[in-house]
Amino acid sequence: MAVETSPADANFFSRQINMGDDEKSSAPAGASSNIGSEAQVGSIITFYDGAVYAKLVNNNRIPLVGYGVGNLKHDLVKGMVASALQDNKKIMLIDTAHASKNEHLVAEGIVKGVEKLNRTKKTEVHVVTKVWYTHLGYERTKISIRESLESLRPALDHDKVNLRLHVLLHWPRCYSSIPWMECEREEQDLPEETRAAGPDPSLDPDNAWKQSWRALEDMYLSDQYPIASIGLSNFHLKEIEQVESFAQIHPHVIQMNLWSLLYDAHLIEYCHQHRIHVQAYNVVHGTVSNVERAPRAFRHLEKVAADLSKEVGEPLTAVQVVLSWLIQHGISVIPRTSNVVRLEENSAVALLNVPAFNDHQVDTVAHAVEAYLSGDDLDEIHVSVTFHAVSKDIMLYWMGHAGDESSEVRITLLRQGETFNETTYPTHKFRAYDAQNKDVWIEHEINANYGEHVHLEL
């Protein structure tokens, strides 16, 4: 049954998050104000064991910060998952898929991580897995879920693990128009048991996923299967709306890419009205991992990071800014990495430490992300510098991209008492030579952030 809330503007990054007073007491210091200050897309925010969660429409919860391992090399999965669960990260959600063939490694990593935590009570860990398009159809979907459960059995049966499983349909169908989807070959490569369980979903693509949804509903409602929520991934609004016509249960969770989050306002509005929780994937890869696609937008993100860093007293990255911008608006993130340092930087502990964005910062990040997606870069921002020749005549040089005499470029002659205004970038170097004796000079490195002004007395 669909659960509706009051309509709201479909622009997701302008909404207010709702968080009850009873939830604030379990939040880390400062986290309530950080998370509760900005926006909501149908999710109520809760805190549990030092991490931030969204409360789903079925009253179960799901972490806002996860870790995507779907494409991670198999030999890294166990160790990285175990590391993610530790108290310095508190990443309590692992995102994978049946098609990734690594669910057994996720389970081993969970067991290893929980045993390392060495707690007296059970540790709640969430896993999102997905049914691949080859397994659409009622019986095929059941096979997929049973295989996932069997792969996750070591974690499910462990006496110190409380595993909460969220199952999504990965795609509504196999699209022949997408080059990497090899529909015929993948069908032929299936085990005979799976092929015999139900027809090839490509023979009836409009209905196969609907039968899969029925299977999800039946397994979710059964006490036999430990499924906390069910949902969809990569579905269009027209398909999601069809669920209302035949389903007993509306989706609890929807995964979408960043493009849909920004540009499909009707889909976001639908999720808000029906309290469907949104998870965003491909956030980092789709934006700041490719600085050159929108270098000026990246500098805007760096300025936001620098401004927020002053509040928190430690450096923040552009990636942390984008991820925090989403979770402060009730959107789950599941960044991928094979680097344990990046894992900690983008963890629940680190992102909860990011201060609340003000309205200008929210808009700046939104426009910067849009610049990455569209390829239409933002206007340039610089550091503005005023050079002031206080006591003598100065010959001013920029030390060029090499930062030394091999690339120095003459800027101007400043007579005593004169000033000169220049725009430059952080870490650029300038030399102020004595106009009468070039052997006498002082070098200045610009230690400022984008958008700031520096006054240098020479």
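Visitor: Which residues line the second largest cavity?

Guide: First, a caution: this is a predicted model. The lining is made up of Gly 66, Tyr 67, Ile 91, Pro 335, Thr 337, Arg 342, Leu 343, Asn 346 and Ser 347. The second largest cavity has a volume of about 40 Å³.

Visitor: What makes a residue part of a lining?

Guide: A lining residue has an atom within 4 Å of a point of the space. Gly 66 and Ser 347 are among the residues that line the second largest cavity.

Visitor: How do the residues of that lining divide by class?

Guide: They divide into four nonpolar, four polar and one charged. Arg counts as charged, and Arg 342 is in the lining. Gly counts as polar, and Gly 66 is in the lining too.

Visitor: How many cavities of 30 Å³ or more does the structure hold?

Guide: It holds two. The largest cavity has a volume of about 80 Å³.

Visitor: Why is a space called a cavity and not a pocket?

Guide: The test is whether a probe can get out. In a cavity a 1.4 Å probe fits but cannot get out, whereas a pocket is an open set. Rolling a probe the size of a water molecule over the atoms shows where empty space is left.

Visitor: What lines the largest cavity?

Guide: Tyr 48, Asp 49, Tyr 53, Lys 90, Met 92, Arg 119, Lys 121, Lys 122, Thr 123 and Glu 124 do. By class, that is three nonpolar, one polar and six charged residues.

Visitor: And the pockets: what is the volume of the largest pocket?

Guide: The largest pocket has a volume of about 700 Å³. It is lined by 27 residues, and Gly 70, Asn 71, Tyr 281, Asn 282 and Arg 336 lie nearest its centre. The lining has eleven nonpolar, 13 polar and three charged residues.

Visitor: How much space lies in the second largest pocket?

Guide: About 340 Å³. Fifteen residues line this second largest pocket, and the closest to its centre are Lys 101, Trp 132, Thr 134, Glu 186 and Leu 190. By class, its lining divides into six nonpolar, four polar and five charged.

Visitor: Now the cysteines. How do you know that Cys 174 and Cys 183 are joined by a disulfide?

Guide: The cut-off is 2.5 Å between the sulfur atoms. For Cys 174 and Cys 183, S to S is 2.0 Å. That value is within the cut-off, so the pair counts as a disulfide. The count for the structure comes to one disulfide.

Visitor: What makes the link left-handed or right-handed?

Guide: Look at the angle about the S-S bond. It is -90° for Cys 174 and Cys 183, and the link is left-handed.

Visitor: Why is Cys 183 called partly exposed?

Guide: Buried means under 20% relative accessible area, and exposed means over 50%. Cys 183 has 22%, so it falls in between and is partly exposed.

Visitor: Is Cys 271 buried or exposed?

Guide: Its relative accessible area is 0%. That is under 20%, so Cys 271 is buried. Of the 458 residues of the chain, 54% count as buried.

Visitor: How many bridges join strand 2 to strand 3?

Guide: Three bridges join them, and the strands run antiparallel. Lys 55 has Arg 61 of strand 3 as its bridge partner. Ala 54 has Ile 62.

Visitor: What makes strand 2 mostly covered?

Guide: Four of its five residues are buried.

How values were computed
Residues are numbered from 1 along each chain as its sequence is written. This is a predicted model: local features need pLDDT of at least 70, side-chain atom pairs count only at pLDDT 80 or more; totals for chains, interfaces and linings use all residues. Side-chain values use heavy atoms; hydrogens and water are left out. Buried means under 20% relative accessible area, exposed over 50%, partly exposed in between (1.4 Å probe, protein chains only). On a 1 Å grid over the protein atoms alone, a cavity is a set of points where a 1.4 Å probe fits but cannot get out, and a pocket is an open set with protein on both sides within 12 Å along at least five of seven lines; lining residues have an atom within 4 Å of a point. Grid points are joined across faces, edges and corners, and a volume is the space filled by probe spheres set on the points. Two strands pair if DSSP finds at least two bridges between them. Helices (H or I, at least four residues) and strands (E, at least two) are DSSP runs, numbered from the N terminus.
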